[in-house]
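Morning, everyone. Let's walk through one structure together. Please have the sequence and the model open as I talk.

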Amino acid sequence: MKVSVEREIAGRTFKLTTGEMAKQASAAVLVQYGESVVFVAAQGGPGRPGLDFFPLTCDYRERFAAGGKFPGGFLKREGRPTTREILTSRLTDRPIRPLFPKGYKDEVQIMSNVLAYDAENDPDVLSINGASAALTISELPFAGPIAAVRVGMVDGELVLFPTMQQMEESPLDLIVAGSSESVLMIEGFAEQLPEDEMADAIMFAHKNIVELCELQKELGEKAGKEKIEFEGPGENPFLADLTAKAKDRLKEAKVSGQKSDRSDAVRELRDELQAELFPEGVEETETGTLSQFKSAFHDLEAIVFRELIFDGKRLDGRAPGDLRAVNCEVDLLPKVHGSALFTRGETQSLATLTLGTSRDQQRVDGLLEEYSKRFMLDYNFPSYSVGEVRPIRGPGRREIGHGMLAERSVQSVLPPSDKFPYTMRCISDIMESNGSSSMASVCSATLALMDAGVPISQPVAGISIGIVKESDDKFILLTDIMGDEDHFGDMDFKVAGTGKGVTGIQLDLKIDGINEKMIRETLEQAKEARKELLRTMLSVIARPRKEISHNAPRLLKTKIDPEKIGLLIGPGGKTIRAIQEETGANLDVEEDGTVLVSSTDAAAAEAALARVEALTEEIKVGRVYKGKVSAIKDFGAFIEIAPGKDGLCHISELSDGFVKNVTDICKVGDYMEVKVIAVDDQNRVKLSRKVLLESSDDEGDDGEEE
């Protein structure tokens, strides 16, 4: 039976419909906002034997047909997921994962398809709402609903579900997901927004989330299925015994030395206990299975970690608000345009920065309007960074997500293209990892940009804050969390920004939400850590270098009349190719008449720019040109002063003395400097070499008098 519920949200209708499509799925919902429509199906299935994690899979796809478009290229069918689709899949996963019961290991799959896109309402946030709505009305044991909203800023005022047009001018792009009671996920970027204003925006989002949760509850009351009664695994048969035998020893192991020392000590203790309970070759005893033993040991690690934190002991001995030791270096590598190494404790990012021209920009095509990217940050997480061995594959979802978080956190401080016309690509290679390598990438990227001479408006740093929570009033915030603190803790709250405010923010939780107090305290604690990071970074390089690397291409820029673009390009590209071949520079011409000249040789770039300006400018009386003799006549020489533009230098104007024959002064192919002395009504140009020679003689006479 078809069931629909709807509400008026921010002046548009938000509608949820079920019972019409995909009736064999566990649940399916059609989400419509304005004229954008997303179909979301939730499907449960039996778990695979031996799994020790919850196998939730979220996929989001944007069909070109939803916007009335064909895919570009030869293949007229969508291929692998785009970066935007991967990022939205992650956004859908993060707030719903914590709301399944502990120990639930059945397969759950969420599939979202954009069926219609109105070019006004972004469908990405609709996917999160649709996933929650489908899970809420399904039989799956989901402790929802949750909802998600996007918040922008127009004329200094917060706007709920801003349109695509409003987002083009908005200094804030914030997505918040949560339940009626608390916030579960944040992903946002801003132009140095102060912390208190960012917190206000988050709480503004949550206030509106409550209404969307109520809408989903209404749908559940009308069309919801009876929930599966899931009983957790119960008390692990090994936990009590391991607690009695090994808890104190595990505490000692957890606070011993560096990451590798702690890992070795914990592994030795686990192997010792395993050998005692499970002799070689035995995987099951009267007490339980080897899998249950490993699960119990992991649970004991979590108990020990939390007890240590509430006893005031972090694993490496730091206080809750302390950073690990930070070290920065720049200008490490020859030939590259900018490089930096940022080390924070046992997390290390090597950033390399490459400068290019507009032809190096990344064209991005998809459901949304095609656009070009002039800044890219690619994040790589090799296995050696955590002391492991695994095959080298293409970038995974995590690498794409971390790279985009760092990229957008830095993007707002980049110079505008009219002041710095370069394309910039940064690569962050994680050399070591023990906590928040994405925020290390923000720091290393900032240093590499400054090392390359990119005039950023402010340096950006990033840090991750964790939390260990017992209740809404009893919690501890941890600055600069390590891997174990992320794994056994309850939160990974990443904040990037300048000394003025926040540029990037991301919240991931393992619990069912955090409140306003926790959010505001986290932002404030991150601000203090960020200031300390910036002080260290600026002690190494205080400001962007005044000159770009000598290895980087030199870019010169001019603007010509768009109607003269054809003249510059010439028939079949003949003219522009000739300029490039003769000077060795590259020319890029944009539709508005902007011409970018690039070359690793500054003189070549200047020569090419002069040729462009000479060709496209009006011939003006008094201007001096270096021209090429194109023809010899008895009465004078025709000189090409710009491609396709000749002038006559009469025999009487060739020299400051008597000239009997033109060939006594020049021949075809010679270059000479001439000055425009007249342009008649028919645009015929008269040139003189004599006036330049006379001027030179006058200067020489002045020198002799002195």
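This is a predicted model: local features need pLDDT of at least 70, side-chain atom pairs count only at pLDDT 80 or more; totals for chains, interfaces and linings use all residues.

How many cavities of 30 Å³ or more does a search of the whole structure find? The search finds one. The volume of the largest cavity is about 40 Å³.

Who lines the largest cavity? The residues are T17, T18, G19, E20, M21, A28, V29, L30 and F39. Two elements each give two or more residues to that lining: β2, residues 12–18, and β3, residues 27–33. The largest share comes from β3, with three residues. Now sort the lining by class. Five residues are nonpolar, three are polar and one is charged.

Next, charges. Side chains of opposite charge can pair when their charged atoms come close. This structure holds 50 salt bridges. I'll take you through a few.

Start with K254 and D484. They form a salt bridge, and their closest N and O atoms are 3.2 Å apart. K254 sits in helix α5 and D484 in helix α10, residues 483–488, so this pair ties together parts that are 230 residues apart in sequence. Is K254 buried or exposed? K254 is buried, because its relative accessible area is 2%, under the 20% cut-off. D484 has 28% relative accessibility, so D484 counts as partly exposed.

Now D59 and R61. This is another salt bridge, with the closest N and O atoms 3.8 Å apart. D59 has 17% relative accessibility, so D59 counts as buried. R61 has 21%, so R61 counts as partly exposed. The line between those two classes is at 20%.

R363 is partly exposed, at 49% relative accessibility. E370 is partly exposed as well, with a relative accessible area of 39%.

Salt bridges can also link up into a network here. E62, R84, D122, D124, R150, D173 and R408 are joined that way.

Last stop: N236. Where does N236 lie? N236 is in the loop between α4, residues 195–223, and α5, residues 239–254. N236 has 13% relative accessibility, so N236 counts as buried. Which residues does N236 touch, leaving out those up to four places away in sequence? They are Q292, S295 and A296.

That's my tour. Questions, please.

Technical notes. Residues are numbered from 1 along each chain as its sequence is written. Side-chain values use heavy atoms; hydrogens and water are left out. Helices (H or I, at least four residues) and strands (E, at least two) are DSSP runs, numbered from the N terminus. Buried means under 20% relative accessible area, exposed over 50%, partly exposed in between (1.4 Å probe, protein chains only). Contact means heavy atoms within 4.5 Å. On a 1 Å grid over the protein atoms alone, a cavity is a set of points where a 1.4 Å probe fits but cannot get out, and a pocket is an open set with protein on both sides within 12 Å along at least five of seven lines; lining residues have an atom within 4 Å of a point. Grid points are joined across faces, edges and corners, and a volume is the space filled by probe spheres set on the points. Ala, Val, Leu, Ile, Met, Phe, Trp, Tyr, Cys and Pro count as nonpolar, Asp, Glu, Lys and Arg as charged, and the others, Gly among them, as polar. A salt bridge is a side-chain nitrogen of Lys or Arg within 4 Å of a carboxyl oxygen of Asp or Glu.
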